[in-house]
Amino acid sequence: MSTEPALLRLDQPAGRRLLAAAVLGSGIAFLDGTVVNVALPRIGGELDAELAGLQWVINGYTLTLASLILVGGSLGDRFGRKRVFAWGIAGFAITSLLCAIAPTIHTLVGARLLQGVAAALLTPGSLAMLQASFARADRMRAIGAWTGMLGIATAGGPVLGGWLVGISWRWAFAINLPLAAITLWLLRTAPESRDEEASGELDVPGILLAPLALAGLTWALTAWPDTGASATTVGAAVLGVAAAVGFVVAERRSRHPMVLPSLFTNKVFTSINLVTLAIYAALSGSMVFVALFLQVTAGWTPLAAGAATVPISAVMLVLASRFGGVATRHGPRLPMVAGALLLALGLALLARSPDQPSYVLDVLPGMLAQGLGLSMLVAPLTGTVLAAAPDSHAGVASGINNAVSRTAGLLAVAGLPLLVGLSGRAYADPAAVADAYRAAMWWCVGLVLLGALLTAVTLTGPAAEPAAQPADADGVTNP
């Protein structure tokens, strides 16, 4: 008789508790991204920081998260996804406290680096637990519900974060402590899952080369506006490129690679990760510039600037799960292409905002278009990339896709200010921010259109059709 636990269903209390834990755990990581964007002007003023320092408040977290998220996925597959997810939640609470009490910009960046390590443990485990624990008939629905329910966290995040930043940006980090405690309580009854064939060996060269590559490239992009082609900047860029090449070689030769090269032989897995790179670079870059523009140029409060993005999350909360079902029945290609085009439209509308925008006329239409586009796009994108990998490698596949999305954000936040000429303390100059904002938004439009084109070209034939519906391990055959 099999000792494996029965797969969960969404209509079961245990299934709902697992979904809630995954949502809340992921939500605190998403919340920090939203809050930090809104908090940047206040952090810069209190800690006397230049733009490069503020970029590292975002990128320090993203650097360690993107570099180690594959390790987090691999550890989950090997030692238990629930266990590693719980480690990440506990670590995130501790490092959030360190961020909240940081006395200098350098201390804050250091704490954010550690916070990214904790997030690398919890982030891939969230989706991997859903993929491994739910019956096949409910997986796309669970992922869609995960995406939509995160709208609760991300819709409330800008409002709560903006309100907290208005009091003190430190409270925006301290709020993570009670949220982490609730997540651990919900997780207590969740089933454990792991890859029984996974090796206990870690890919040490990969673990070392991935952060070195990202750190070198990020340092070069961040420093270039102020230092130009200095020896340090060029050296960092060369080091980053060399480490990236070394990482690819190491993964191809490793007996137990952190990134399985065999996954990229699947055309769908590779193409959807490229789409993820383009889409999430646009999202991360645009959100930073929107927060700066509304506060510095338009003169809005942190609360008002944070609340401006609520319609995106509200629309996703209502519609994301529904479009997950559409992708299950009709295939991911059409909703993904249509969603990317609507996202590009929303960014283009925001790029046309005047220096003193009306929320209803200039900001809200762009936010609604983005919300509808992301509702159509995110669940099919995530479900498709996970479905393209074997279930036994769900943690690694989720880790790769998350690493791609975080790396996209890392490079966008580091590179967009360079592309649009924003540096030093210019983030406090309303005119300079306005010009940089509009240029950055059009760059983001171009990235999203590139993602739409990649989707339309590569998701054809069987890849664009609904997934086959075999019987689940628990004997339930999908309709």
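The protein chain comprises 16 helices and 0 strands, where helices (H or I, at least four residues) and strands (E, at least two) are DSSP runs numbered from the N terminus. This is a predicted model, in which local features need pLDDT of at least 70 and side-chain atom pairs count only at pLDDT 80 or more, while totals for chains, interfaces and linings use all residues. Residues are numbered from 1 along each chain as its sequence is written, and side-chain values use heavy atoms, with hydrogens and water left out. Of the 479 residues of the protein chain, 56% count as buried (under 20% relative accessible area, with exposed over 50% and partly exposed in between; 1.4 Å probe, protein chains only). Among contacts in the chain with a separation of 6 or more, 85% are between residues 24 or more positions apart; contact means heavy atoms within 4.5 Å.

**Packing of α10 against α14**

- Helix α10 (residues 267-297) and helix α14 (residues 359-387) have axes that come within 11 Å and cross at roughly 155°; axes are lines fitted to C-alpha atoms, for helices over the stretch in contact, and angles run from 0 to 180 degrees between N-to-C directions.
- The crossing of α10 past α14 is left-handed, the near helix being turned anticlockwise from the far one by less than a right angle (clockwise would be right-handed).
- On the α10 side, the residues that meet α14 include Phe269, Ile272, Ile279, Tyr280, Leu283 and Met287; their counterparts in α14 include Val363, Met367, Gln370, Leu374 and Leu377.
- By class, this contact of α10 with α14 has 17 nonpolar, 4 polar and no charged residues (Ala, Val, Leu, Ile, Met, Phe, Trp, Tyr, Cys and Pro count as nonpolar, Asp, Glu, Lys and Arg as charged, and the others, Gly among them, as polar).

**Packing of α10 against α16**

- The axes of α10 and α16 come within 8 Å and cross at roughly 160°, which makes α10 roughly antiparallel to α16.
- Here too a left-handed crossing is found, with α10 passing α16.
- The contact of α10 with α16 has 22 nonpolar, 7 polar and 2 charged residues.

**Salt bridges**

- A search of the whole structure finds 3 salt bridges, each defined as a side-chain nitrogen of Lys or Arg within 4 Å of a carboxyl oxygen of Asp or Glu.
- Arg170 and Glu46 form a salt bridge through their side chains (3.1 Å, N to O). Arg170 lies in helix α6 (residues 169-174) and Glu46 in helix α1 (residues 13-47), so this pair ties together parts that are 124 residues apart in sequence. Arg170 is partly exposed at 21% relative accessibility, and Glu46 is partly exposed at 46%.
- Asp48 pairs with Arg425 in a salt bridge whose closest N and O atoms are 3.4 Å apart. Asp48 is in the loop between α1 and α2 (51-79) and Arg425 in the loop between α15 (394-420) and α16 (430-458), so the pair ties together parts that are 377 residues apart in sequence. Asp48 is exposed at 55% relative accessible area, whereas Arg425 is partly exposed at 43%.
- Asp355 forms a salt bridge with Arg438, with 2.6 Å between the closest N and O atoms. Asp355 lies in the loop between α13 (333-351) and α14, and Arg438 in helix α16, so the pair ties together parts that are 83 residues apart in sequence. Both residues are partly exposed, Asp355 at 36% and Arg438 at 21% relative accessibility.

Conventions
Angles under 35 degrees count as roughly parallel, over 145 as roughly antiparallel, 65 to 115 as roughly perpendicular and the rest as oblique.
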